[in-house]
Amino acid sequence: MCASGAGEDAQDLRALAARIEAPPLAIDDDADEAQLEAAALELRRHCLALAHRQADPRLKSPCAGTVARLPSGSRVSLGYERDLDVSVLERRGGEDYPPPPGWRSVRVLCRSGQAALACLLHLALSMARDGTLSTRHAGRYFETRALLDLWPPGVLPRVPAGAHDVDLLIGEPAACNGRFEVARPEALPRVRHALLLDTTLSGPAVDLAPWFARHDGAIAAVFRSGLKLDQAGLELANVGIVQLMVREGLGLDLEALAEKLRHIRGLTATGLTLDELGALSAPWFLDRDYFHRYTARLFAHNEALARAIGRESPVFEPDCHPCLLSDTAPPAAFCAMRLRDGDLADHRRLLACVEREVGRRGIVATKGGSFGFRGIRYELVEPDPKDGVPFLRVALGFRGGNGTAAMIDLLAELARGNFTAGRGVHSLASTR
């Protein structure tokens, strides 16, 4: 799975460049990982240059009749940017998730995953009979909790854990705040009004059926940050992807509801800019087949790391990845490693140990946040204590190859006990 990865990454980058008629990338199948990293950034710069070529000459409040030509060849009429028509992307490709029987869906794009959730909350509340929705957040993402906390408790009152039903359920199929958790929809309240599912961590590999089995209402949405897994690891632009759904037979007009969501997007200025629309016109964005292939490979690399660490490590806690919790768990794009009985100082020593070993072993890995890249990323996450516990996040990307194998070997050695928390902490290098 890992050894031939560099060649496949080179082939994929060359194919992406060809799809946008970019100059050929100077890489072949035996290019090293540093060359592949440089080639990916070169491709990214070319994509953004094409996007800016149309956007840079335009005022934010253009003259009447102004039309821009996107890198994809499509044309878009320009008015105030907050009302930019992005339907050329919203209509692209097939549905990310087949709607359950009896449901219809349409796509709406916002400027980020959090913007998508904020607009969906406005939409759901606008349809509430008395302007209030009892709410349950079945997940751990700290920014979701922070966003909900901005609403007065009388508008979005939280239901207790044992509640039988709820108006609004915000679910995360896999959640992480230092320890992974896998949702059990059958144990959650039944939904009377709206179901919102955040699939940022697991991309397309989410089974909607058990969630909709608990849903008695008429509205649902599956949303995610499209920056993470949807852009071939190139991070061309922030974007939130919403698949808005309505239950058939209840008199709701899906297109009218989608237009209302777009109206909210315009009022809150949470739509795409012309720059972002141009960058995201790259043909692999919202290409369902490519999305599935890219994420499947990335998920497999992270699962391999999790299984190399396992549940019995004397160093790391047993829940670094959903695959260690359930055979039917959705995948995840990173592993979250937390020391058994380790405090913040111990985790900082762990980070220093990993950083030294990455350098000593010549692994091409970037210390930094996010996930879904082509290469390897790692960082120490130090949340506010109320938001979770410190943990080392390691995201093995699409590339694979010797670097991925070496990173798995390094962390498997640490998991077996070659790293000791506390005052006796030492790096592998010091023991050889």
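Two strands count as paired if DSSP finds at least two bridges between them; strands here are DSSP E runs of at least two residues, and helices are H or I runs of at least four, both numbered from the N terminus. You're looking at a predicted model, where local features need pLDDT of at least 70, side-chain atom pairs count only at pLDDT 80 or more, and totals for chains, interfaces and linings use all residues. Residues are numbered from 1 along each chain as its sequence is written, and side-chain values use heavy atoms, with hydrogens and water left out.

**Stop one: the sheet.** Select β11, β14, β13 and β12, which is their order in an open, mixed sheet of four strands. β11 (335-337) and β12 (365-367) sit at the edges with a single partner strand each, so one side of each has no neighbour in the sheet. Now zoom in on β11 and β14: they run antiparallel, joined by three bridges. Show M337 and you'll find L392 of β14 opposite.

**Stop two: the helix pair.** Pick α4 (113-126) and α5 (142-149), whose axes come within 11 Å and cross at roughly 35 degrees (axes are lines fitted to C-alpha atoms, for helices over the stretch in contact; angles run from 0 to 180 degrees between N-to-C directions). Contact means heavy atoms within 4.5 Å. Q114, L117, A118 and L121 of α4 make it with E143, T144, L147 and L148 of α5.
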